[in-house]
Amino acid sequence: MCQAARLDPQTLLSAYAQGAFPMADSDGQIRWYSADPRGVIPLDGFRIPRTLRPLLRRSEAEGGFDLRVDCDFSGSMRACMRQRLEQTWINERLIEAYSSLHRLGFAHSVEAWRSGRLVGGLYGVSLGAAFFGESMFHLEPDASKVALVHLVQRLRSRGYHLLDTQASNPHLQRFGCIEIPASEYAIRLKAALGVERQFT
């Protein structure tokens, strides 16, 4: 699916509820897309790579990260945009649109900080018992990976059903990401949207 996108909060949320997401194309236009197959990380099948486990046990004083939620949402989006500047699907219109969703309590960031500096994280949209991951970034090694672990722990503890990654790639596959047909995704999404959950 590909068509010009309106970005008001109601349209955004309606699109996510139908399995669509916006992306900025190389011509600067923002259009709606869906994916078949669809990438998801089963929350009961999430895997933490062995090399990451020692870091997760460290405090910030020991070289670990200070994990925060929604401390700097727009900063997290901009960091994602800068990291993928040559092939980014994020632009200023999208930052403004998701920031509006954030103010309404639907968009969230999970952030890794060190010495008072934002060094990694991710952002996405929460709707019902579904979380739609949008993008990740890191300025220090493993910072985005630790943020992803923190996200999954939060989703599990709050009873979420679905973590949507849109697509799968070798990096996400290390954490248990799989691809499922769009028809199966639609069933899982409908079930998740029928349950109320609170991200924060």
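Let us start at the second largest pocket of this predicted model, whose lining is made up of Gly105, Phe106, His108, Ser126, Leu127, Gly128, Tyr160, Glu196, Arg197, Gln198, Phe199 and Thr200. The volume of this second largest pocket is about 170 Å³. Sorted by class, its lining holds four nonpolar, six polar and two charged residues.

Now turn to the largest pocket, with a volume of about 500 Å³. It is lined by 27 residues, and those closest to its centre are Glu134, Ser135, Met136, Asn169 and Leu172. Several elements contribute: strand 1, strand 6 (117-127), strand 7, helix 5 (143-157), strand 8 (162-166) and helix 6 (170-173) each give at least two residues to the lining of the largest pocket. Strand 7 provides the largest share, with seven residues. The classes in the lining of the largest pocket are 14 nonpolar, 10 polar and three charged residues.

Ala107 is 27 residues away from Glu134 along the chain, and the C-alpha atoms of the two are separated by 10.0 Å.

From here we can move on to the aromatic rings. A pair of aromatic rings is described by the distance of the centres and the angle of the planes. In this model there are six aromatic pairs. Tyr16 and Phe132 are both buried.

Next comes the pair of Phe131 and Phe199, which is stacked, at 5.2 Å centre to centre and with 25 degrees between the planes. Because Phe131 lies in strand 7 and Phe199 in the segment after helix 7 (182-193), the pair ties together parts 68 residues apart in sequence. Phe131 has 0% relative accessibility and counts as buried.

Elsewhere, ring pairs join Phe73, Tyr98 and Tyr123 into a cluster. Rings also meet charged side chains here. The charged end of Arg68 is placed over the ring of Trp113, 4.3 Å from the ring centre. Arg114, in turn, lies over the face of Phe65, and its distance from the ring centre is 4.2 Å.

Our last stop is a hairpin. Strand 1 (residues 21-24) pairs with strand 2 (residues 30-33) in the antiparallel sense, over four bridges. Within this pairing, Pro22 stands opposite Trp32 of strand 2. Five residues lie between the two strands of the hairpin, and there Gly28 takes a positive phi near 90 degrees. Strand 1 also brings us back to the largest pocket, as one of the elements that supply at least two residues of its lining.

Conventions
Residues numbered from 1 in each chain as written. Predicted model: local features only at pLDDT ≥ 70, side-chain atom pairs only at ≥ 80, totals over all residues. Heavy atoms only, no water. Phe/Tyr/Trp six-rings, centres within 6.5 Å; stacked < 30°, edge-to-face > 60°. Buried < 20%, exposed > 50% of the residue type's maximum accessible area, 1.4 Å probe, protein only. Lys NZ or Arg CZ within 6 Å of the ring centre and 35° of its normal. Pairing = 2+ DSSP bridges. 1 Å grid on protein atoms, 1.4 Å probe; cavity = no way out; pocket = protein on both sides within 12 Å on 5 of 7 lines; lining within 4 Å. Points joined across faces, edges and corners; volume = space filled by probe spheres on them. Nonpolar A, V, L, I, M, F, W, Y, C, P; charged D, E, K, R; others polar.
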